[in-house]
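Open the model in a viewer and follow the selections below in order.

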Amino acid sequence: MKHKQWSYLGALAVFVSQSFLLTANAADYTGGQLSNTNITAAGVVVPDGARLLASQCFQCHGTNGKSTTGIDSLAGESQNEIISEMREMKAKTKVDLMHYQAKAYTDAQIQLIAAYFASVSRGNSSNNNHDD
Amino acid sequence: MNDISRRQFLKTLGLSLGAAALPISFAKAAVRPRVIVVGGGFAGATTAKYLRLWSNNTVDVTLVEPNAVYYSPILSNLILNGQKQLNQLGFKYDTLAQKYGITVTRSTVSSINSASRTVNLANGKTLGYERLILAPGIQFKAINGLDSNTILHAWQSGDQVQRLRQQIQMIPSSGTYVLSIPKAPYRCPPGPYERACVVADYLKRNKPGAKVVVLDSNPDITVERDTFNAAFTRTYAGIVEYVPNTILQSVDSAKKVAVTSFGDYRADVLNVIPPHQAGSIVLKSGLGNSSSGDWANVNPLSYESTAIQGIHIIGDSQGTGQPKAGHIANAEAKVCADAVLRLLSGSQPFAAPMTNSACYSPISSTTASWLTAAFAYDPASQTMQLVPASYGASSGASTSNYKKMFEWANSLFGDTFA
Ligand SMILES: Cc1cc2nc3c(=O)[nH]c(=O)nc-3n(C[C@H](O)[C@H](O)[C@H](O)COP(=O)(O)OP(=O)(O)OC[C@H]3O[C@@H](n4cnc5c(N)ncnc54)[C@H](O)[C@@H]3O)c2cc1C
């Protein structure tokens, strides 16, 4: 069941990235749903709010999830991995800083955040999206 | 980015040829929207960076900041016990200017004309904006007799911290350092207790017999009570005296005497952190509409002022009730940047933002503790609310936390200034 949820989301992200860009441009003129999607540094469209939610991880995990310190990078991690790590941390009574942070997020939010990081390329440029 | 996605992105922002969809103000005004950010601290620097990054440089961003170098208050207490040098905590704006194409203007915004959507700078220039973001941090309230040039606060980093370090180095053995803590809300809830600890650490190692007296306006240690109580009563037993409910009434700056609701305290070094309020540009522009009149009420979906349209306030000056701290100032800055880009393209801010806070506190020159929390938008009250399960602290201080403190700080510095 859980497995199904995230793989559905993964499929959605792929669908979005491959076909929305090419086919759905007309809608955005009207300020419709598309203007509320976000584009990642790798040029992939992710669902509304995913980038903003994921950006709350950047303070520690680096801009776009590309860490510049000993803290883990999240860019390019699989959705599956991020989701299961977050769920694990949520469930644990262990009290590291990140265990508390994980407890703040609903499963739906975690899926959005994971979708975002999975969509970001691992490349080291955190700046002006010239990486494609 | 390829052509299709670039075109898509411009359209996403409402910036391409489709004039029918352009917000009215846009069609009439400049083709490229102009956003002015006032103040280059954790809040302002972050929002300027993400406005450029997330608009793919289609929005013009001017950052107005009087100082060439920003000195981080985060980690600045470590200067007091000799574990950091001030220059290690300095950040220039070159990276933001060069890497992200932010126009950095070295000046102070002296006034705002919200009707004409312009700001006046101390250097005589006038700049126009479609959206204005204020991130000026804090200013201190006056206290009778307090001369903040000799009785230092050292609460905005920079020169004052350096000078407080020198004052503390001059304390005679058996001398007394007295710290006055203002009523909450003040910036960095654990910060003053952390300061008491690192000063005690220095005195313990260098000035046997010297004492730390903590005069707290609050009824108890405001955060991480167990950690700081253990530090005061065990690690620094016989050195730290903690006195709650002690409200500073006036100061004899020449004699270094704190006159309080509990009587007079004479010090060799008196360190007064006065009560705070929003940066002066916020208050003098009529944006200080919180019930106390000290902070700017904003819509937490966009950080737009509830008093004046088109002006957003982030960081320590805003009055959402979230802690006044640099990590969460960075968090608010991203919510604001995302919302401003959506508003500029005629759509609505994301309806369910989250923010988070983290503070690491050095307790000695080898140990640290931490405190964290996350906040979620609550549509019923239209406020940011603490997520209770996310609120937690380390169990005491440890050497591994001390190492993690630098990883955390360096990451935050990077996400903000680089
Ligand atoms: C000892 C200490 C320890 C701390 N530790 C932590 C911690 O562990 N974690 C944490 O999250 N936070 C911590 N903080 C708090 C943190 O430093 C502040 O909350 C943070 O700096 C607030 O960011 P800001 O951008 O709102 O304001 P500031 O950092 O104060 O920046 C405001 C900027 O605006 C500029 N400015 C003001 N007025 C104008 C104007 N009119 N025109 C142009 N520019 C203007 C100023 O020059 C300044 O550069 C600590 C603070 C202290 C003192």
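**Stop one: the second largest pocket**

By class, 16 nonpolar, 12 polar and 7 charged residues line the second largest pocket (Ala, Val, Leu, Ile, Met, Phe, Trp, Tyr, Cys and Pro count as nonpolar, Asp, Glu, Lys and Arg as charged, the others, Gly among them, as polar). This is a predicted model, in which local features need pLDDT of at least 70 and side-chain atom pairs pLDDT 80 or more, while totals for chains, interfaces and linings use all residues. Residues are numbered from 1 along each chain as its sequence is written, chains are lettered from A and ligands numbered from 1 in the order written, and side-chain values use heavy atoms, without hydrogens and water.

Select Cys60(A), His61(A), Ile71(A), Asp72(A) and Met98(A): of the 35 lining residues, these lie nearest the pocket centre. The pocket holds about 830 Å³ of space.

Next, colour the elements that each supply at least two lining residues, including helix H4 (79-91) of chain A and helix H11 (399-417) of chain B.

**Stop two: two helices of chain B**

Show helix H3 (residues 42-54) and helix H10 (residues 326-344) of chain B, which pack at an angle of about 35° with axes 8 Å apart. The crossing of H3(B) with H10(B) is right-handed.

**Stop three: the domains of chain B**

Colour domain 1 (3-139 + 277-351) and domain 2 (144-272) of chain B separately. Their centres, taken over C-alpha atoms, are 34 Å apart.

Notes:
Axes fitted to C-alpha atoms, helices over the stretch in contact; angles between N-to-C directions. Helix = DSSP H or I, 4+ residues; strand = E, 2+ residues; numbered from the N terminus. Left-handed = near helix turned anticlockwise from the far one by under 90°. 1 Å grid on protein atoms, 1.4 Å probe; cavity = no way out; pocket = protein on both sides within 12 Å on 5 of 7 lines; lining within 4 Å. Points joined across faces, edges and corners; volume = space filled by probe spheres on them. Domains from an automatic or database assignment.
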